[in-house]
Amino acid sequence: MIAATIPYARTLLAVLALAACSAAPRGSRGVSALATADSAAILRDVRYLASDALEGRATGTPGNDSAAAYIARRYSALGLAPLVVDSSRAACASLSPVPCGPRWTQYFVARSAALAHTRQPFELTTQNVVALIRGSDRQLRDEYVVLGAHFDHLGRSTVGALDPDAGNAIHNGADDNASGTAAIMELARLLARRPPRRSVLLAHFSGEELGLLGSQYFVEHSPVDLARVRAMLNFDMVGRLREDRLMVYGVATAAELPAIVDSANRAGTLRITAIGDGFGSSDHSSFYARNLPVLHFFTNVHDDYHRATDDAEKVFVGGIARVVTLAERIVRDIADRPAPLTFTRTAPQPSRMGPASREGARAYLGSVPDMGASGGEGLRIAGVQAGSPAETGGLKTGDVVVELGGKPVKDLYQYTDALYAHQPGDTITIVVMRDGQRLPLTVTLGKRGG
């Protein structure tokens with residue numbers, strides 16, 4: 001854990017200075033009309049959402065409700081419109097603590113098998129938060145671009161946590177996913193200043209950590225006709241930008257998206273790893289399953305993922321501002337073009353992990369794969385968790401895994417397939433490339449959460 005030793009005021013000044021240099025739009029169509037992302041507002045939102053007062057925003061808890069109310073207040077202050085209108089007043093009345101009708105929140109019951117297996121309450125009343133920026137073009141304003149991010153996290157639960165020894169410690173989820181939530185709120189501010197031609201729907205999901213429950217409910221009970229949604233952009237873990245590296249999933253889900261992403265980054269200020277797959281362990285999957293183009297912005301895994309150490313002090317706010325700047329260009333391109341995007345279906349990759357593996361009951365290694373690596377042989381290890389089977393077996397950060405349990409490894413798909421072919425307690429050989437040499441390591445796999 002990295003201790004916060006710099007006073008908050010000095011940290012804020014440093015963040016603002018960096019963001020002023022890095023977040024200003026460059027080399028993009030209509031750049032002169034684009035405002036700069038407000039790093040101070042992003043920092044304020046992350047610090048509130050990831051504060052101990054909200055106790056980790058677990059689905060169905062008062063902290064999660066407080067986060068939803070905070071998001072709604074931010075959109076009300078921007079003058080945006082609430083969007084949810086329940087079709088069934090009886091269903092609405094049974095869930096909602098407020099009168100039915102247009103409002104910010106979309107209430108639903110999150111049902112979690114994972115919680116049921118641990119004898120915890122598994123039917124949780126919770127809510128999505130939805131707002132609308134009305135498009136400027138009378139012909140196109142009834143078409144939509146959805147910006148989505150989940151705002152729930154683990155709270156004090158050990159379900160899904162990768163540090164079970166922490167017990168009921170608060171998991172604040174600053175990167176996962178206060179960062180994505182703050183990014184969308186800042187995008188909303190920028191887009192509301194000069195609305196694009198199509199309308200922009202802002203959707204904040206609860207229940208993501210329990211299995212994408214909020215986004216699945218949303219697409220099944222959409223407040224707008226899904227046939228008129230032209231794309232969904234998802235922001236999940238965008239708070240740890242390192243070495244200018246950003247992953248963008250879903251670029252093969254519409255014919256036009258590769259060129260749109262390239263154009264938005266034409267100055268080359270970000271090192272983008274473009275990944276075609278439209279599925280993954282985050283909320284864009286719910287939309288892609290409905291044959292909608294998607295993009296998912298992600299700044300890679302880190303050692304604090306799903307741990308009590310994912311705190312606001314470790315979030316790189318200047319990096320979030322840079323992601324927002326790029327995303328605004330992409331949103332405006334999609335929302336302003338005369339014709340809709342051309343949806344394409346990519347080959348399914350069921351083994352693809354999102355921000356990190358959520359296969360909690362399977363074999364545990366404790367390595368952090370570099371999901372942004374592309375090209376070359378094998379899969380680079382971005383980190384090794386302290387006390388894990390990986391560390392005990394001798395794996396080190398920077399190793400490139402080329403063989404696991406007798407199976408070749410060339411990419412993340414083969415890595416996860418090979419790992420989950422084994423059970424906790426299995427002793428396997430992992431071959432890595434280190435300093436140009438093949439090195440076999442013997443590792444005994446553990447059990448996640450055990």
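Visitor: Which residues of the largest nonpolar core touch the most other members?

Guide: In soluble globular proteins, nonpolar side chains tend to be buried together. Here the largest nonpolar core has 65 residues, of which Tyr75, Leu147, Leu202, Leu233, Phe235, Phe297 and Ile330 touch the most other members; such a core is a set of buried Ala, Val, Leu, Ile, Met, Phe, Trp, Tyr and Cys residues joined through side-chain atoms within 4.5 Å, where buried means under 20% relative accessible area, exposed over 50% and partly exposed in between (1.4 Å probe, protein chains only). This is a predicted model, in which local features need pLDDT of at least 70 and side-chain atom pairs count only at pLDDT 80 or more, while totals for chains, interfaces and linings use all residues. Residues are numbered from 1 along each chain as its sequence is written, and side-chain values use heavy atoms, leaving out hydrogens and water.

Visitor: How should I read the phi of Leu212?

Guide: Most residues other than glycine have a negative phi, and most peptide bonds are trans. Leu212 has a positive phi, near 60°, and counts as buried at 12% relative accessibility.

Visitor: Is Asp435, with its positive phi, buried or exposed?

Guide: Asp435, whose phi is near 55°, is exposed, with a relative accessible area of 75%.

Visitor: Where is there a cis peptide bond?

Guide: A cis peptide bond, with omega about 5°, joins Asp176 and Asn177.
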